[in-house]
Amino acid sequence: MRRSKAFIPTSKEAPSDAQLASHIFLARAGFTSQVASGLYNYLPLGKRVIKKIENIINEEMEAIDAQELELSFVTPSDLWKESGRFDKFGSELLRFKDRKNNDFVLGPTHEEMMVNVVRDKITSYKQLPINLYQIKTKFRDEARPRFGLMRGREFIMKDAYSFHSSAEDLDREFNAVENAYKKILTRLGLEFRVVEADSGAIGGSGSKELMVISDSGEDTIAICDTCEYGANVEAAVRQNVEISSEAPEAEFNKFKTPNIKTMDELSEFFSVDKAYLVKSVAARAMYDDSDEIVLFFLRGDDNLQDVKAANSLGANEIVEIAESDLEKVGLVSGFMGPLDMDKVKIVLDNSLKDAKNMICGANESDFHYVGVDMSVMSEANFADIYEVKEGDTCRCGGKLFYKKGIEVGHIFKLGTTYSAPLKANFLDEQGRSQPFIMGTYGMGVSRLMASVVEQHHDDKGCIWTKSTAPYLVNIMISNIKDSDQVALGEKLYEELKNNGVEVVLDDRKDRFGFKMKDAELIGFPYTVIIGKELANGNVQIYTRSTCEKMDVSSSNIYNKVMELV
RNA sequence: CGGGGUGUAGCUCAGUAUGGUUAGAGUACCUGGUUUGGGCCCAGGGGGCCGAAGGUUCGAGUCCUUUCACCCCGACCA
């Protein structure tokens with residue numbers, strides 16, 4: 001491509017609303033432009049990068065025998081009503097009517113559509129397993145789009161769906177896809193972790209997320225410093241805590257604690273480690289068509305993990321609750337405890353099971369119980385509801401710490417969550433009709449493009465990896481009026497182009513500094529500088545990642561470039 | 001959906017408290033000259049329904065009402 005003809009609208013100034021490096025540089029370097037909230041155009045350079053990523057995905061999916069297809073974007077809402085998600089998905093699902101007044105949705109994910117494609121066509125276990133995928137624009141009407149491509153409303157996602165006759169075969173495919181995804185991210189040049197994840201609203205028996213490590217990530221993941229363990233904090237677990245400090249041994253007794261409400265105050269009042277206190281967290285659990293107040297109890301030094309808490313109840317979510325609502329049902333804020341709690345449902349964290357010498361609220365203003373033996377609560381509802389903290393001990397004995405991650409992939413063992421309600425069945429070896437055992441595997445393509453920039457940039461601009469660069473080589477003619485420079489530039493350009501190298505010739509009538517800054521902003525891996533050194537028979541290769549210039553004899557430049565690319 | 005903020009040239013922003021020539025700067029763009037190793041320089045030029053609608057006023061970018069859009073914090077997020 002000749003730079004003089006290329007549509008690459010670079011700019012010195014970033015859009016005022018851009019926060020993240022990826023957003024700033026993709027906009028400034030002319031890869032993307034914003035249309036409306038959460039909607040972006042892919043300009044020529046951006047489109048090339050997207051294609052690069054898609055090609056890598058296609059190759060790795062091909063390698064595990066997954067087959068690409070493409071489903072229609074506009075989906076009749078009947079399918080969504082069959083699965084029950086038409087009502088459940090909420091306002092993120094964009095619904096509309098056609099001229100005949102029929103309901104449609106814009107696909108935010110395509111479980112229903114894919115099940116619909118195979119049902120009645122795959123009817124025997126002999127046709128299984130099968131893995132079908134597409135790379136396609138998705139639409140989710142996000143409540144709050146942000147961070148440029150990271151959380152748009154319209155985005156490109158690769159979504160794969162596998163169908164199996166047994167859970168064992170699903171396990172095999174799940175591992176195969178995980179490995180394929182790892183290869184994809186490695187080829188893209190990304191630092192990432194595969195972590196245990198909460199299965200969320202999509203349902204299913206297990207899931208993992210692929211997290212690109214980045215401070216700008218929206219997810220918090222807990223990672224072990226010793227073993228391979230990593231998990232989203234929504235699902236992270238640890239070794240049982242051993243409390244080193246001395247237990248506050250006491251006879252069971254009601255103790256006056258005037259106006260002592262918080263864990264900090266209690267800890268100070270009794271001079272005791274917070275681990276010996278029972279923390280209570282009140283919340284409202286939201287179900288499909290009802291809600292209730294629930295009290296969660298944890299060790300005083302732990303925090304409640306909302307997602308775990310909701311899962312412990314089978315609730316959709318838990319939300320904060322006003323103090324006045326607590327009073328209405330007779331709860332005493334600041335002094336709530338699990339003993340004899342008959343006003344609302346309670347859930348206790350597993351770490352409280354059989355705990356001795358605990359201090360907890362007495363459900364009476366200004367009083368706590370001391371010397372509480374939690375084993376009296378053994379019949380109560382216990383669950384894992386704590387949130388792993390930095391410094392907690394991993395089950396392997398190592399230390400857990402936090403990292404921020406960008407979720408670029410999420411793989412699920414779905415089971416029959418969709419095949420059963422959609423009546424997608426096959427006949428097994430015994431001739432029995434069974435719903436497909438399914439897996440679903442998502443990967444955010446446009447988000448990957450932003451992730452590459454998040455991990456690979458400096459204050460000058462993008463630094464594309466070889467596998468993602470829109471063009472590998474930029475030939476810069478320093479002075480377009482110097483006919484020798486032009487001649488060499490043109491010759492090298494033709495040679496590289498004819499040998500399949502993706503190359504740009506910067507033949508613009510601009511000064512050296514301007515063109516260099518532009519090249520650095522865009523982030524071509526290599527720029528060949530044809531400048532005043534040509535008089536001495538030399539040109540230079542500028543490597544974007546190191547910002548180093550290497551002298552090369554002009555006669556040898558073609559071979560040298562071919563070595564690099 | 002709650003709280004906050006911003007809408008003026010392609011882009012980044014002044015101007016709005018206190019209404020008053022023809023609405024500004026930088027940058028980008030066009031023309032000519034000049035320059036060619038780090039976003040030069042000189043001269044000239046085009047470009048605006050001051051987000052939209054209504055109102056107050058002799059007069060509104062500026063004041064009032066309504067509305068739309070975008071952004072930030074939170075909630076939400078297969």
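## The second largest pocket

In this predicted model, the second largest pocket has a volume of about 540 Å³. Its lining is made up of 28 residues, and those closest to the centre of the pocket are S280, V281, A282, S333 and M336.

Which strand gives the most to this lining? That is β14, which supplies 6 residues. Other elements take part as well: α7 (263-270), β14 (278-286), β16 (317-319), α9 (323-328) and β18 (358-364) each bring at least two residues to the lining. If you sort the lining by class, you will find 16 nonpolar, 7 polar and 5 charged residues.

## Where D428 sits

Now let us turn to a single residue. You can find D428 in the loop that runs between β22 (425-427) and β23 (433-435).

Is D428 buried or exposed? With a relative accessible area of 9%, D428 is buried, because buried means under 20%.

## The surroundings of D428

Which residues does D428 touch, once its neighbours within four places in sequence are left aside? They are Y125 and Q434. With Q434 there is also a polar contact of 3.1 Å, formed between the side chains of the two residues.

Note on methods:
Residues numbered from 1 in each chain as written. Chains lettered and ligands numbered in written order. Predicted model: local features only at pLDDT ≥ 70, side-chain atom pairs only at ≥ 80, totals over all residues. Heavy atoms only, no water. Helix = DSSP H or I, 4+ residues; strand = E, 2+ residues; numbered from the N terminus. Buried < 20%, exposed > 50% of the residue type's maximum accessible area, 1.4 Å probe, protein only. Polar contact = N/O pair within 3.5 Å; in protein donor to acceptor, adjacent residues only side chain to side chain. Contact = heavy atoms within 4.5 Å. 1 Å grid on protein atoms, 1.4 Å probe; cavity = no way out; pocket = protein on both sides within 12 Å on 5 of 7 lines; lining within 4 Å. Points joined across faces, edges and corners; volume = space filled by probe spheres on them. Nonpolar A, V, L, I, M, F, W, Y, C, P; charged D, E, K, R; others polar.
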